[in-house]
Amino acid sequence: MNTMTMKRRLALLWLALVVALTVVACGGGGNGGEGNGGGEGAQAEAGLTILDATFAEGVSEELDPINPTTSFTPEQTVNLLLTIKGRPKEGEVVARFYVRDQEIASASVNLADVNEGVIFSVGENTRVHFTLKPTEPFPVSPNYRAEIFVDGSPAGTYTFSVVPPADAIASRVIEATLAKGVEETPEAYVPVEPTTTFSTSDTAVYLVGVADLGTYSRIEVNWYLNGELAEDATRSLTVQENLQAVSFYFTLEMPEGLPAGNHEAVLLINDGEVQRLSFTVQE
(Lines give C-alpha, C1' and ligand atoms only; values in the text may rest on other atoms or scores of the structure.)
Protein backbone atom coordinates (compact mmCIF):
# COMPACT_ATOMS: atom_id res chain seq x y z
CA MET A 1 0.00 0.00 0.00
CA ASN A 2 1.21 3.50 -0.68
CA THR A 3 -0.61 6.61 0.41
CA MET A 4 -0.33 10.36 0.70
CA THR A 5 -2.30 12.89 2.76
CA MET A 6 -5.76 13.71 1.51
CA LYS A 7 -5.31 17.42 2.27
CA ARG A 8 -4.36 17.90 -1.37
CA ARG A 9 -5.76 16.30 -4.48
CA LEU A 10 -3.51 13.48 -5.69
CA ALA A 11 -3.85 10.94 -8.44
CA LEU A 12 -1.84 8.23 -10.11
CA LEU A 13 -0.92 9.24 -13.62
CA TRP A 14 -0.95 6.08 -15.66
CA LEU A 15 1.17 6.34 -18.75
CA ALA A 16 -1.20 6.39 -21.73
CA LEU A 17 0.31 7.09 -25.09
CA VAL A 18 -0.82 7.50 -28.65
CA VAL A 19 1.71 7.19 -31.44
CA ALA A 20 1.02 9.04 -34.65
CA LEU A 21 3.20 8.18 -37.63
CA THR A 22 4.02 10.29 -40.66
CA VAL A 23 6.48 9.26 -43.35
CA VAL A 24 7.68 11.06 -46.47
CA ALA A 25 10.48 10.76 -49.00
CA CYS A 26 12.21 14.12 -49.09
CA GLY A 27 14.70 15.35 -51.66
CA GLY A 28 18.12 16.84 -51.21
CA GLY A 29 18.93 14.98 -48.00
CA GLY A 30 18.32 18.01 -45.78
CA ASN A 31 20.42 18.62 -42.73
CA GLY A 32 17.91 17.04 -40.37
CA GLY A 33 19.39 19.13 -37.58
CA GLU A 34 22.21 17.69 -35.53
CA GLY A 35 21.65 14.17 -34.35
CA ASN A 36 20.83 14.93 -30.74
CA GLY A 37 19.46 11.74 -29.29
CA GLY A 38 22.54 10.24 -27.73
CA GLY A 39 22.28 7.50 -30.30
CA GLU A 40 24.21 4.27 -30.47
CA GLY A 41 24.69 2.70 -33.88
CA ALA A 42 24.08 4.33 -37.24
CA GLN A 43 22.78 1.61 -39.52
CA ALA A 44 21.28 -1.84 -39.68
CA GLU A 45 23.08 -4.83 -41.06
CA ALA A 46 20.29 -5.18 -43.59
CA GLY A 47 21.83 -2.34 -45.61
CA LEU A 48 19.59 0.66 -44.89
CA THR A 49 21.66 3.46 -43.39
CA ILE A 50 20.31 6.00 -40.89
CA LEU A 51 22.20 9.21 -41.56
CA ASP A 52 20.64 11.24 -38.77
CA ALA A 53 18.21 11.00 -35.85
CA THR A 54 16.85 14.20 -34.34
CA PHE A 55 14.34 14.87 -31.57
CA ALA A 56 12.45 18.15 -31.85
CA GLU A 57 9.55 20.09 -30.38
CA GLY A 58 7.96 20.47 -33.80
CA VAL A 59 8.28 19.65 -37.48
CA SER A 60 7.86 21.87 -40.54
CA GLU A 61 5.85 20.96 -43.63
CA GLU A 62 9.16 20.00 -45.26
CA LEU A 63 9.90 17.75 -42.28
CA ASP A 64 12.67 19.91 -40.92
CA PRO A 65 12.99 19.90 -37.12
CA ILE A 66 11.68 22.91 -35.19
CA ASN A 67 13.56 23.53 -31.92
CA PRO A 68 15.69 20.36 -31.81
CA THR A 69 16.00 19.09 -28.24
CA THR A 70 16.27 15.96 -26.14
CA SER A 71 14.35 17.45 -23.20
CA PHE A 72 10.56 17.63 -23.20
CA THR A 73 8.03 18.71 -20.59
CA PRO A 74 5.34 16.20 -19.55
CA GLU A 75 2.64 17.57 -21.85
CA GLN A 76 4.81 18.09 -24.93
CA THR A 77 4.70 15.97 -28.07
CA VAL A 78 7.96 14.15 -28.81
CA ASN A 79 8.97 14.27 -32.48
CA LEU A 80 11.66 11.93 -33.81
CA LEU A 81 12.99 12.50 -37.32
CA LEU A 82 15.09 9.84 -39.02
CA THR A 83 16.97 10.50 -42.26
CA ILE A 84 17.66 7.33 -44.25
CA LYS A 85 20.28 7.29 -46.99
CA GLY A 86 18.88 7.29 -50.54
CA ARG A 87 15.41 6.30 -51.71
CA PRO A 88 15.10 2.64 -50.70
CA LYS A 89 12.31 0.77 -52.48
CA GLU A 90 11.69 -1.62 -49.61
CA GLY A 91 12.36 -2.17 -45.96
CA GLU A 92 10.53 -1.78 -42.63
CA VAL A 93 11.48 0.81 -40.03
CA VAL A 94 10.22 0.28 -36.48
CA ALA A 95 10.47 2.69 -33.53
CA ARG A 96 9.92 1.37 -30.01
CA PHE A 97 9.67 3.91 -27.20
CA TYR A 98 10.64 3.03 -23.63
CA VAL A 99 10.74 4.59 -20.20
CA ARG A 100 13.26 2.68 -18.11
CA ASP A 101 12.76 -0.95 -19.23
CA GLN A 102 9.05 -0.61 -19.96
CA GLU A 103 7.95 -0.38 -23.59
CA ILE A 104 5.28 2.31 -23.80
CA ALA A 105 4.56 2.56 -27.53
CA SER A 106 5.73 1.42 -30.95
CA ALA A 107 5.09 2.16 -34.62
CA SER A 108 6.39 0.88 -37.94
CA VAL A 109 6.47 1.92 -41.59
CA ASN A 110 7.00 -0.08 -44.76
CA LEU A 111 9.26 1.87 -47.11
CA ALA A 112 7.85 0.02 -50.11
CA ASP A 113 4.51 1.71 -49.48
CA VAL A 114 6.14 5.10 -49.06
CA ASN A 115 8.15 4.93 -52.26
CA GLU A 116 5.43 3.48 -54.49
CA GLY A 117 5.03 5.72 -57.54
CA VAL A 118 7.81 8.11 -56.46
CA ILE A 119 10.54 9.13 -58.96
CA PHE A 120 13.93 8.95 -57.29
CA SER A 121 16.82 11.26 -58.02
CA VAL A 122 20.45 10.47 -57.33
CA GLY A 123 21.59 11.76 -53.97
CA GLU A 124 18.13 12.11 -52.47
CA ASN A 125 17.28 10.70 -49.07
CA THR A 126 14.20 9.49 -47.21
CA ARG A 127 12.98 11.03 -44.02
CA VAL A 128 10.76 9.24 -41.48
CA HIS A 129 8.78 11.12 -38.82
CA PHE A 130 7.58 9.43 -35.62
CA THR A 131 5.37 11.38 -33.21
CA LEU A 132 4.82 10.37 -29.60
CA LYS A 133 1.80 12.15 -28.09
CA PRO A 134 0.82 11.90 -24.42
CA THR A 135 -2.85 11.41 -23.60
CA GLU A 136 -1.81 11.95 -19.98
CA PRO A 137 1.31 13.90 -18.96
CA PHE A 138 4.51 11.87 -19.17
CA PRO A 139 6.12 11.12 -15.78
CA VAL A 140 9.30 13.11 -15.25
CA SER A 141 12.37 10.94 -15.87
CA PRO A 142 15.74 11.07 -17.63
CA ASN A 143 15.33 7.45 -18.73
CA TYR A 144 13.38 7.59 -21.98
CA ARG A 145 14.67 6.13 -25.25
CA ALA A 146 13.65 5.17 -28.76
CA GLU A 147 15.04 1.95 -30.19
CA ILE A 148 15.08 1.80 -33.99
CA PHE A 149 14.98 -1.40 -36.01
CA VAL A 150 15.40 -1.78 -39.77
CA ASP A 151 14.15 -5.05 -41.23
CA GLY A 152 14.29 -6.56 -37.76
CA SER A 153 17.89 -5.55 -37.05
CA PRO A 154 18.87 -2.92 -34.44
CA ALA A 155 19.72 0.36 -36.14
CA GLY A 156 20.25 2.71 -33.20
CA THR A 157 19.15 3.73 -29.71
CA TYR A 158 18.35 7.39 -29.07
CA THR A 159 17.74 8.81 -25.62
CA PHE A 160 15.62 11.72 -24.39
CA SER A 161 14.30 13.09 -21.10
CA VAL A 162 11.05 14.39 -19.67
CA VAL A 163 11.75 17.33 -17.35
CA PRO A 164 9.50 19.19 -14.90
CA PRO A 165 7.39 22.06 -16.26
CA ALA A 166 8.75 25.56 -15.70
CA ASP A 167 6.48 26.26 -12.73
CA ALA A 168 7.33 23.04 -10.86
CA ILE A 169 8.94 23.38 -7.46
CA ALA A 170 12.12 21.45 -6.68
CA SER A 171 11.38 17.93 -5.46
CA ARG A 172 13.09 16.60 -2.34
CA VAL A 173 12.60 14.29 0.62
CA ILE A 174 12.54 16.35 3.81
CA GLU A 175 12.49 13.41 6.21
CA ALA A 176 11.92 9.67 6.12
CA THR A 177 11.56 7.16 8.95
CA LEU A 178 11.13 3.39 9.16
CA ALA A 179 8.53 2.19 11.65
CA LYS A 180 6.30 -0.72 12.69
CA GLY A 181 3.13 1.21 11.97
CA VAL A 182 1.60 4.51 10.91
CA GLU A 183 -1.06 6.78 12.40
CA GLU A 184 -3.14 9.16 10.31
CA THR A 185 -3.72 12.57 11.93
CA PRO A 186 -5.46 15.63 10.44
CA GLU A 187 -2.04 17.13 9.72
CA ALA A 188 0.09 14.23 8.57
CA TYR A 189 1.02 10.56 8.76
CA VAL A 190 2.98 9.80 11.94
CA PRO A 191 5.32 6.81 12.32
CA VAL A 192 4.37 4.37 15.10
CA GLU A 193 7.28 2.68 16.89
CA PRO A 194 10.07 4.12 14.74
CA THR A 195 12.91 1.61 14.46
CA THR A 196 15.53 0.11 12.20
CA THR A 197 15.37 -3.30 13.89
CA PHE A 198 12.51 -5.70 13.22
CA SER A 199 11.68 -9.32 14.03
CA THR A 200 10.86 -12.22 11.73
CA SER A 201 7.49 -12.26 13.50
CA ASP A 202 6.75 -8.77 12.14
CA THR A 203 4.70 -8.72 8.95
CA ALA A 204 5.27 -5.18 7.71
CA VAL A 205 7.72 -2.30 7.52
CA TYR A 206 6.41 1.24 7.13
CA LEU A 207 8.39 4.02 5.50
CA VAL A 208 6.84 7.31 6.62
CA GLY A 209 8.07 10.63 5.30
CA VAL A 210 7.59 14.21 4.25
CA ALA A 211 8.54 15.60 0.84
CA ASP A 212 8.28 18.54 -1.52
CA LEU A 213 7.06 17.27 -4.89
CA GLY A 214 6.92 19.32 -8.07
CA THR A 215 4.18 19.01 -10.66
CA TYR A 216 4.21 15.60 -12.42
CA SER A 217 6.99 14.32 -10.19
CA ARG A 218 7.08 10.67 -9.18
CA ILE A 219 8.18 9.26 -5.84
CA GLU A 220 9.01 5.55 -5.60
CA VAL A 221 10.29 3.05 -3.07
CA ASN A 222 12.41 0.00 -3.87
CA TRP A 223 12.85 -2.63 -1.18
CA TYR A 224 16.08 -4.66 -1.19
CA LEU A 225 15.99 -7.82 0.91
CA ASN A 226 19.48 -9.16 1.58
CA GLY A 227 20.68 -7.25 -1.47
CA GLU A 228 17.99 -8.50 -3.86
CA LEU A 229 15.31 -6.17 -5.24
CA ALA A 230 11.82 -7.28 -4.22
CA GLU A 231 10.23 -6.20 -7.50
CA ASP A 232 6.67 -7.01 -6.45
CA ALA A 233 7.01 -4.63 -3.50
CA THR A 234 7.98 -1.57 -5.57
CA ARG A 235 5.38 1.19 -5.28
CA SER A 236 5.17 4.71 -6.69
CA LEU A 237 2.95 7.79 -6.84
CA THR A 238 2.89 10.63 -9.34
CA VAL A 239 1.48 14.03 -8.35
CA GLN A 240 -0.47 16.40 -10.58
CA GLU A 241 0.47 19.66 -8.87
CA ASN A 242 3.11 21.25 -6.67
CA LEU A 243 2.93 19.85 -3.13
CA GLN A 244 5.02 21.30 -0.32
CA ALA A 245 5.77 19.35 2.86
CA VAL A 246 3.30 16.61 1.90
CA SER A 247 3.16 13.55 4.14
CA PHE A 248 3.37 10.07 2.62
CA TYR A 249 4.02 6.45 3.50
CA PHE A 250 4.89 3.20 1.76
CA THR A 251 4.54 -0.30 3.18
CA LEU A 252 6.44 -3.54 2.74
CA GLU A 253 3.89 -6.21 3.65
CA MET A 254 4.85 -9.88 4.15
CA PRO A 255 2.02 -11.80 5.86
CA GLU A 256 4.25 -14.82 6.56
CA GLY A 257 6.82 -12.67 8.34
CA LEU A 258 9.84 -10.62 7.35
CA PRO A 259 12.98 -12.51 6.24
CA ALA A 260 15.98 -12.36 8.54
CA GLY A 261 18.93 -10.31 7.35
CA ASN A 262 20.11 -6.85 6.40
CA HIS A 263 17.75 -4.93 4.14
CA GLU A 264 17.26 -1.47 2.59
CA ALA A 265 14.46 0.82 1.51
CA VAL A 266 15.54 3.11 -1.32
CA LEU A 267 13.55 6.24 -2.14
CA LEU A 268 13.68 7.67 -5.66
CA ILE A 269 12.24 10.86 -7.10
CA ASN A 270 11.91 11.00 -10.88
CA ASP A 271 14.07 7.87 -11.19
CA GLY A 272 16.93 9.38 -9.19
CA GLU A 273 17.90 7.94 -5.80
CA VAL A 274 17.39 10.48 -2.99
CA GLN A 275 17.62 8.43 0.21
CA ARG A 276 18.62 4.94 1.36
CA LEU A 277 17.40 3.58 4.70
CA SER A 278 18.92 0.39 6.15
CA PHE A 279 17.14 -1.95 8.55
CA THR A 280 17.73 -5.35 10.13
CA VAL A 281 15.36 -8.25 10.71
CA GLN A 282 16.35 -10.62 13.55
CA GLU A 283 15.00 -14.03 14.40
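Okay, some ground rules. Residues are numbered from 1 along each chain as its sequence is written, and side-chain values use heavy atoms, with hydrogens and water left out. Because the model is predicted, local features need pLDDT of at least 70 and side-chain atom pairs count only at pLDDT 80 or more, while totals for chains, interfaces and linings use all residues.

So, what is the chain built from? It has 1 helix and 21 strands; those are DSSP runs, helices being H or I with at least four residues and strands E with at least two, numbered from the N terminus. Of the 283 residues, 48% are buried, meaning under 20% relative accessible area with a 1.4 Å probe, protein chains only (exposed is over 50%, partly exposed in between).

Now the inside. The largest nonpolar core has 30 residues; such a core is a set of buried Ala, Val, Leu, Ile, Met, Phe, Trp, Tyr and Cys residues joined through side-chain atoms within 4.5 Å. Elements giving it two or more residues include β7 (92-99) and β9 (125-134). Phe-97 is among the residues with the most contacts inside that core. Past its neighbours within four places in sequence, Phe-97 is in contact (heavy atoms within 4.5 Å) with Leu-80, Phe-130 and Phe-160, among others. There's also a second, separate core of 28 residues, including Val-173 and Phe-198.

Last stop: Lys-180, in strand β12 (residues 172-184). Leaving out residues up to four places away in sequence, Lys-180 touches Phe-198 and Tyr-206, among others.
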